[in-house]
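Colleague: Hi! Could you walk me through this one? I'm still new to reading structures.
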Amino acid sequence: MGKRVGVEVSIAAADAVGMANVDVVAAYPITPQTHIVEHLSDLVANGKLDAEFIPVESEHSAMSVCCGSSALGARTFTCTSSQGLALMNEIVFIAASMRLPIVMILANRSLSGPLSIWNDHTDVMSVRDCGWIQVFTETGQEVFDHVMWAFRVAEDRQVSLPVIINMDGFILTHVIEPIEFWDSAMVKQYLPDFSPINVLNPDHPTTVGGFGMPGIYTEAKVAQNEALVKSKPHILKAWQELGAVTGRYYQPVETYKIDGAETVFLSMGSTGDTVAMAVDELRAQGKPAGLIKLRLWRPFPFEELRLAARGVKRLIIIDRAVSYGGPGGPVASEIRSAFYGEKEMPVVTNFICGLAGRDVTPEDYIAIYSKSEKMAQGQVRQEDYVFYGVRE
Amino acid sequence: METLNVYATRLLEKSEYFTPGHRACQGCAEALAVRLVAKALGNNVIVGSATGCMEIISSPLPFTNWKVPWLHVAFENAAAVLSGAEAGYRALVRKGKRPEKGTVFLAMGGDGATTDIGFQALSGALERGHNFLYVCYDNEAYMNTGIQRSSSTPFGASTTTSPAGKIHFGQRTWKKNMAEIVVAHNVPYVATACSSYPFDLMEKVQKAARTPGPAYVHILSVCPTGWRIAPNKAIWIGRLAVETGVFPLYEVVDGKYRITHEVGELKPVEDYLRPQGRFRHLTPDMIKHIQDRVSAEYAKLEAKTRL
Ligand SMILES: Cc1ncc(C[n+]2csc(CCOP(=O)(O)OP(=O)(O)O)c2C)c(N)n1
Ligand code: SF4
Ligand SMILES: [Mg+2]
């Protein structure tokens, strides 16, 4: 059985990476991810983790180093945030196309400009279509568990895809939480050694990353997409088995007070907790509120989402990023298309809030709820959205 | 030297690891350089290539010209990718997950990939001290995208982004001296080479591969297409680059300079410039200007060999 300790979530995350016995870590510091890299360097410097820590000169090189080491067959980890993700963008896409099972923690932070170090989801939304498995976490415990889960899923031979673990900057990275650490028996039981199908080895030469003429590019992309879509059962299985080891069972879509709920919030990441408080209050007032939390972002859990929202009349989508000149928030537009043409399509209202660390309290969510109710009485068009909490 | 080479050919390994059938232009001395490097390194090597002519001509899916493990990730990151592979190898060997076989890690890229867009990644990898070899195939422009200038394009050369026109005369900056910049990183082995001198080239590549830590070989690679010469003139032009002192062949071992191919009396630079279409527009004044620079640079290099 694991041990429960009070610890900063970044430290726990790095410890989890260490317990996964990673072979190569390549990372470049950026707030609010820094504590993770620092602690990993510490583990290596003190002989607690036998790994190569590569202090690269940029995030672009961090992801490039990860590609090289993963292709060589080494278990590979990196973490970044915001501008760092933007700088490595090119290689993030390539890593997925090369089917390299790299694990990356993304300490979610706003993208510049204006320059800001605080939390929202604009960074991860910029790589929505990068081909990685993408998951959101709500608590420190979830971060810890998902480090193990991410290696397990990524390196599954039936999957062989990189994984992004989203972890809200500051709200998760810099808080101290009680976290149950796994013991080594649990790790051993859950996470097998990395044994990839293809590695760079002179004994069995392979050519990796060749270039695609029009006659082959489409087929390569179809295969890549299929790999991501078909990773879903393996993802579910890995969560199931994680539950067997820890007693904590995760789902692609999770719900709170959904029974009898008619107006339901949908959120991602650490805000779930705050929204749940608002839901409690609304329920106490006799309002039919509920909450859907989207944990799995890619591959998108269409079925689970539709199932969770069955009977729901109105959805309030909380977006923490903007699609400038587009349909509001990126989450809302995905949700709308997931329901489009369904027999019982909920009315979707979209609120963009909590940008760059702007606090959104339970009271704010209650206000959002009323606003949404009012909007839903009129006609809500697909492209409608509201920036909530803008100062006059 | 010449006579020695005649004997040495017989001792050369017959196997090719970069095979025929690739799609390089006729007379491409860059592809020749790649072939020689691959031959010199044998089969216990892992190669990482930057985007550019050599990548495109050798890896159109589902074909390959590589008989050794080869990977390509992007244009500017071959040094970083290979640092990762080397680090992964080191970790796995130490942890008993992979046998130590003395595998060589070769990162390669064109002059654009090396002196411009991948400069930072290369500097980082050199500074971190990875046990790898970086080879720059310098054809003095971005050939893959259509002969645009790079910081390695020589003064006066006409390219598609430094065209010779009514006001400008082609490239207006002097060629970046990449080998010197690598020397400044204090790495144990740096050399220049040219595929017109295959034995010198292969010897240096082997030496570089044997050197623990980072090693760098900068290979002048004549590109008939971009330099506007006939395909059958590539080897000759490469020789002229060396014989005129435009591109001296030397090595720097632990900071000690040695010219590996002494040319004696340097031929006039004009002999090198005149046959090439990219320099066709140069006036005698400009040629004199270039000659002065080449002589001065050569003298500087010679001075370093006496240190
Ligand atoms: C980030 C990025 N920018 C630009 C390009 C386009 N591009 C591909 S190869 C190349 C030039 C390669 O030049 P060099 O490195 O000198 O190699 P060569 O083709 O001359 O051998 C360029 C500009 C790219 N692939 N990636
Ligand atoms: S353009 Fe030049 S370097 Fe590229 S393949 Fe042709 S000859 Fe070789
Ligand atoms: Mg070039």
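Modeller: Happy to! Let's start with a proline: Pro299(A) sits in the loop between β13 (296–298) and α11 (302–308) of chain A. Helices (H or I, at least four residues) and strands (E, at least two) are DSSP runs, numbered from the N terminus.

Colleague: And which kind of peptide bond runs from Arg298(A) to Pro299(A)?
Modeller: A cis one, with omega near -5°. Ser112(A) and Gly113(A) are also joined by a cis peptide bond, where omega is about 0°. Gly113(A) belongs to the loop between β5 (103–108) and α5 (122–125) of chain A.

Colleague: Before we go on, where do these numbers come from?
Modeller: This is a predicted model, where local features need pLDDT of at least 70, side-chain atom pairs count only at pLDDT 80 or more, and totals for chains, interfaces and linings use all residues. Residues are numbered from 1 along each chain as its sequence is written, chains are lettered from A and ligands numbered from 1 in the order in which they are written, and side-chain values use heavy atoms, with hydrogens and water left out.

Colleague: Okay, new topic. How many helices and strands are in chain A?
Modeller: Chain A has 13 helices and 16 strands. Buried residues make up 58% of its 392 residues; buried means under 20% relative accessible area, exposed over 50%, partly exposed in between (1.4 Å probe, protein chains only).

Colleague: Is Ser160(A) buried or exposed?
Modeller: Ser160(A) is buried, at a relative accessible area of 19%. Its phi is near 45°, a positive value in a residue other than glycine.

Colleague: What about Asp254(B), buried or exposed?
Modeller: Asp254(B) counts as exposed, at 62% relative accessibility. It too is not a glycine, yet has a positive phi, of about 50°. You'll find Asp254(B) in the loop between β7 (250–253) and β8 (256–259) of chain B.

Colleague: How many residues does the largest nonpolar core have?
Modeller: It has 121 residues, and Met63(A), Trp132(A) and Phe132(B) are among those with the most contacts inside it. A nonpolar core is a set of buried Ala, Val, Leu, Ile, Met, Phe, Trp, Tyr and Cys residues joined through side-chain atoms within 4.5 Å.

Colleague: Which helix gives the most to this core?
Modeller: Helix α4 (residues 78–94) of chain B, with 9 residues. Domain 1 (4–246) and domain 2 (253–387) of chain A both contribute residues too, so the core lies between them. Those domain bounds come from an automatic or database domain assignment.
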